[in-house]
Amino acid sequence: MHAMKILVVDDERDIQTLFEQRFRREIRENLVNFVFAFSGEEALNYLNGHEHEAVLILSDINMPGMSGLELLAHIKQKYMKPPPVVMMITAYGDAENFNTAKQLGADDFLTKPVDFSLLKEKLKIII
Amino acid sequence: MQSGAWPEWQQNIKYGLIAIAALFALDIIFDWNFITWAWYISLLVVFYIIYRIEDFVRLRSLMYAFLPLILLEVLQEATHLGNWKWLNDLENGLENAKAFAIIWLVAMIVIITRQNKALKKVELKTLHEEHLKQIAETKKAELEVLVAERTAELTKQKEELQQIVVELKATQAQLIQSEKMASLGELTAGIAHEIQNPLNFVNNFSEVNAELIGEMEQEIEKGNYEEVKAIAQDIKDNEAKINHHGKRADAIVKGMLQHSRLGSGMKEPTDINALADEYLRLAYHGLRAKDKSFNANMKTDFDVHIGNVNVVPQDIGRVILNLITNAFYAVNEKKSHHPENYDPTIFVSTKKLNDWLEIKVADNGPGIPKKVMDKIFQPFFTTKPTGEGTGLGLSMSYDIVTKGHGGQLLVKTKEGEFAEFIIKLPV
Ligand SMILES: Nc1ncnc2c1ncn2[C@@H]1O[C@H](COP(=O)(O)OP(=O)(O)O)[C@@H](O)[C@H]1O
Ligand SMILES: [Mg+2]
């Protein structure tokens, strides 16, 4: 079975270690394959070079430079058909960003701090 | 005036007058020869008094007028004391001399009258002058009162002004405090975000570690020690991360507390790069929290060789925060006017020169127009709408850099293109 490719976008570099450890077993069992980008620009670059590869994009909103919302708008309006599933990570209680993201076509939401068991549940459904 | 002359002689003059009256009476009633002599002697005594006593200096000329006549009279009278021939001859000579004495007397009186007239004139003049002098003196007194009144008024005004200065200083201190609080308000949103992230990591990594320990126990049971070792290493790494993010949150809270503290800061060796980076992030997230649509590129270029520099960290942090907040505001302004093809960018850098440390905060915003350039460091100068600018940021920053640290705060700008603020600190 082919591993599901997930692109995680966040300006915090430690997010990579965190995901890799949280998904230790899944990675080892080759269920998922994570790719990391530390800014919106980097994420777009990756997507340009690897069209159709990423099935799911997990993105933070608050990032210097291109924000998660801008990235979302790019992906949903100008990129790939069919567009990948985009899950936005919003700060707790941030209704404004939540609504904007929804309007821009975000498929799902997670709130910070990320509840990994909830994320795993969601991934199971997608797979 | 005449009655008022010689006041201390009034009594004597009175006695003199009585004596004259008495002599007259005696002369009329009895025809004694010695009364004539008494007349002469008292006259001579009077003359002597006039001659000797300074008080009567004005009467002397009158005395000289009469003196020859009286002397001749006395001598003539004396000739009657004997009955010799030469005495009779002398009496006749004296009779002739008397005519001269009378002419002398008349001439003297004429001269004296003239002199008196002149004297009166002089007296009148001095009187007039004295009068004028008196008027001048009253005027002077009046003026002195006026001056005293004005001085009192001015002193009062001066005291009132001093009071106002004291009040203004207090107000200024309050304003500076409220500017600090306003920037603290800007910071809080950034701080919430900045603290949330490390705390999430602390929680997440400690959860991971709990999980890993469970896994490690399983692997130990299985005797799979290679895997056990690998897990142990992960746990160790995660522990380091927990520690790192815990400290990050700690530093942010400390920074916030320092920022709100009144200027009691001490100079201490400070990692300027870390300070600049921290405030850049705080300002950025603070603005993002206020305005969701806000965004800008942040470029940093930190000179790793600057080491620790002796500064008051919260003060220099405040300066950096002010400059960065201004820069973000500037690019946001430009973006709202020229949305196409504009890439708002903030550039923060540090550099060590020989004896100087430079901290630069630049932006590609609208720049500063020439006509406001020399005003931007003045307290309360702001081009921002009420509620958005206090106009105290740059003036406070200027004081902190120059007075507080012996440095310089410079600005370079090109209208429509960029603004660059340079903090120069001696090291
Ligand atoms: N980076 C900048 N770009 C353009 N103008 C600036 C910049 N920084 C400061 N200014 C000008 O200087 C003025 C004074 O700034 P400041 O003392 O920080 O007060 P405030 O920010 O409250 O207006 C601002 O109102 C603005 O006109
Ligand atoms: Mg300001």
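A: A contact here means heavy atoms within 4.5 Å. By that criterion, among the contacts in chain A between residues at least 6 apart in sequence, 65% join residues at least 24 apart. The model is predicted, and every value below is computed from it.

The secondary structure of chain A consists of six helices and five strands. Read along the sequence, these elements come in the pattern β-α-α-β-α-β-α-β-α-β-α. The chain has 127 residues, and 55% of them are buried, where buried means under 20% relative accessible area. Its accessible surface comes to about 6,100 Å², with 51% belonging to carbon and sulfur atoms.

Two places in the backbone of chain A deserve attention. Most residues other than glycine have a negative phi, and most peptide bonds are trans. Asn30(A) is not a glycine, yet its phi is positive, at about 60 degrees. This residue sits in the loop between helix H2 (24-28) and strand E2 (32-37) of chain A. With a relative accessibility of 46%, Asn30(A) counts as partly exposed. The other place is the peptide bond from Lys112(A) to Pro113(A), which is cis with omega near -10 degrees. Pro113(A) is also a loop residue, found between strand E5 (108-111) and helix H6 (116-126) of chain A.

Chain B has a non-glycine residue with positive phi too: Asn341(B), at about 55 degrees. Asn341(B) lies in the loop between H7 and strand E4 (345-352) of chain B. Its relative accessible area is 85%, so Asn341(B) is exposed.

The remaining topic is the ligand. Ligand 1 is surrounded by 18 residues, of which the closest are Thr382(B), Thr383(B), Lys384(B), Gly391(B) and Leu394(B). Lys384(B) places a polar side-chain atom 2.6 Å from an oxygen atom of ligand 1. An N or O atom in the side chain of Asn326(B) is 2.8 Å from an oxygen atom of the ligand. From the backbone, a polar atom of Gly393(B) is 3.4 Å from an oxygen atom of ligand 1. On its own the ligand has 530 Å² of accessible area, and the protein covers 93% of this. The space that ligand 1 takes is the largest pocket. In the shell around the ligand, the elements giving two or more residues are helix H7 (313-337), helix H9 (393-405) and strand E7 (418-426) of chain B.

Conventions. Residues numbered from 1 in each chain as written. Chains lettered and ligands numbered in written order. Predicted model: local features only at pLDDT ≥ 70, side-chain atom pairs only at ≥ 80, totals over all residues. Heavy atoms only, no water. Helix = DSSP H or I, 4+ residues; strand = E, 2+ residues; numbered from the N terminus. Buried < 20%, exposed > 50% of the residue type's maximum accessible area, 1.4 Å probe, protein only. Areas by Shrake-Rupley, 256 points an atom, 1.4 Å probe, with all protein chains shown as cover. Near = heavy atom within 4 Å. Polar contact = N/O pair within 3.5 Å; in protein donor to acceptor, adjacent residues only side chain to side chain. 1 Å grid on protein atoms, 1.4 Å probe; cavity = no way out; pocket = protein on both sides within 12 Å on 5 of 7 lines; lining within 4 Å. Sits in = over half its atoms within 2 Å of the grid points.
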